[in-house]
Amino acid sequence: MTAISPDPVDLSTRLASAEFPNPVFTASGCAAAGRELAQFFDLTELGAVVTKSVMLRPRAGRPTPRMAETPSGMLNSIGLQGPGIESFCQHDLPWLRNHGARIVVSIAGGSVAEYAALAQRLRDESGISVVEVNISCPNVEDRGQVFACDPGESARVLSAVVAELSGTIPVFAKLSPDVTDITAIARSCVDAGADGLSMINTLLGLKIDTDTLAPVLGGITGGWSGPAIRPVAVRAVWQVRQALPDVPILGMGGIRTGLDALEFVLAGASAVSVGTAVFGDPHAPIRVRDELRQALAERGFARLSDAIGYAHRPAPRHGRELTPEGLDSPADEEMMRP
Ligand SMILES: Cc1cc2nc3c(=O)[nH]c(=O)nc-3n(C[C@H](O)[C@H](O)[C@H](O)COP(=O)(O)O)c2cc1C
């Protein structure tokens, strides 16, 4: 393995037709619409800002308390509180555009018609790189079943959104890990026209206060995030990359360091989102970007794109020597080709 200097490592990446100078984004719901982070660094330093999921109408969210600590992660039950799409388009989008941020807009709805109306509202807005469709929402037309847990319902949402946005803005489906076979949901979203996939959303969890003898969160259940979920997320990215090797993936779940991000890239992600880590360290996405650049250089990758999905390469042939880190350099890999 031959290390190279980190400076010239090309971090640029693509998600379908959208291009980004680096692959480290915020995660939806963990940096609102970017304003809070702008006091810590220039938002153009990020690959992109992924906005909190916006719904059609203003929404108060779930009862408090809305956050609970767990030994290696966080439970939240915010309930998609927000001002609704009109206010978002009038205030947040122009603010992000004025600050030169690349923008991924996350949308969420309670019915297929709501998702379609959100997409229609965004169609003529400029400066949106990707629309991320958060399908981890209860479907009011189907007894509150979460769209993302049903391949058919996920597909209905994605085709409705793609019908509004096709040819204008790439559409990514954000998948839930709370399913038996994530590749089945991934495939149905792609068959319905999704240009790419984001994964993973939080896992459904519950914490009980052993003093009050009642659930801690006002909403009872909450979404679990943070370092503990990373192996689940990397597994999901790995499985979907194997099933659908040509579909771009935005990976997330417990990323705190550049090496965490590298795991996702090696598993098949073209870009990553940093979520929960931002609450403890607002600079986390920038630090992760710089650490990722360094980690790529140390492993001899001159371009991020060379590392995407690298862990899927065939197992080393018998008798071939691995470095102590267990990786051959990409240059060595070239030489091994017949
Ligand atoms: C407080 C909080 C709010 C979130 N809100 C959203 C949201 O609005 N839409 C969404 O798609 N995901 C939301 N997520 C999920 C994150 O975007 C991300 O998928 C998940 O937390 C895993 O990444 P992490 O472990 O780095 O946080 C939220 C997560 C947290 C912790």
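This briefing covers the ligand site, salt bridges, cysteines and backbone geometry of the structure above.

The model is predicted: local features need pLDDT of at least 70, side-chain atom pairs count only at pLDDT 80 or more, and totals for chains, interfaces and linings use all residues. Residues are numbered from 1 along each chain as its sequence is written, and side-chain values use heavy atoms, with hydrogens and water left out. The structure holds 17 salt bridges and zero disulfides.

**Ligand site**

- On the side-chain side, an N or O atom of Lys52 is 3.2 Å from an oxygen atom of the ligand.

**Salt bridges**

- A salt bridge is a side-chain nitrogen of Lys or Arg within 4 Å of a carboxyl oxygen of Asp or Glu.
- Asp92 and Arg35 form a salt bridge, with their closest N and O atoms 3.2 Å apart. Asp92 lies in helix α2 (residues 85-98) and Arg35 in helix α1 (residues 35-38), so the pair ties together parts that are 57 residues apart in sequence. Helices (H or I, at least four residues) and strands (E, at least two) are DSSP runs, numbered from the N terminus.
- Asp92 is buried at 15% relative accessible area, whereas Arg35 is partly exposed at 38%. Buried means under 20% relative accessible area, exposed over 50%, and partly exposed in between (1.4 Å probe, protein chains only).
- Arg230 and Asp260 also meet in a salt bridge, at 3.3 Å from N to O. This pair links helix α6 (residues 230-243), which holds Arg230, to helix α7 (residues 258-267), which holds Asp260, 30 residues apart. Both Arg230 and Asp260 are buried.
- Asp290 pairs with Arg289 in a salt bridge whose closest N and O atoms are 3.0 Å apart. Shared partners join Glu45, Arg289, Asp290 and Arg293 into one salt-bridge network. Within it, Arg289 is buried at 10% and Asp290 is partly exposed at 35%.

**Cysteines**

- A search of the whole structure finds zero disulfides, a disulfide being a pair of cysteine sulfur atoms within 2.5 Å.
- For Cys89, the nearest cysteine sulfur is that of Cys137, 17 Å away. Cys89 is buried, with 5% relative accessible area.
- The sulfur of Cys149 is 11 Å from that of Cys137, its closest cysteine sulfur, and this is too far for a bond. Cys149 is partly exposed at 39%.

**Backbone geometry**

- A cis peptide bond joins Met199 and Ile200, with omega about 15°. Ile200 lies in the loop between β12 and β13 (203-206).
- Another cis peptide bond joins Thr64 and Pro65, with omega about -10°. Pro65 lies in the loop between β4 and β5 (67-70).
- Ala16, though not a glycine, has a positive phi of about 55°. Ala16 sits in the loop between β1 (13-15) and β2 (18-20) and is partly exposed at 28%.
- Leu213 also has a positive phi, near 60°. The loop between β14 (208-209) and β15 (214-215) holds Leu213, which is exposed at 70%.

**Buried positions**

- Ser198 lies in strand β12 (residues 196-199) and is buried at 0%. A polar contact of 2.6 Å joins the side chains of Ser198 and Glu132. Such a contact is a pair of N or O atoms within 3.5 Å; within protein, one must be able to donate a hydrogen and the other to accept it, and residues adjacent in sequence count only if both atoms are side-chain atoms.
- Leu46, in the loop between α1 and β4 (49-50), is buried at 0%. The C-alpha atoms of Leu46 and Val24 are 6.1 Å apart in space, and the two residues are 22 apart in sequence.
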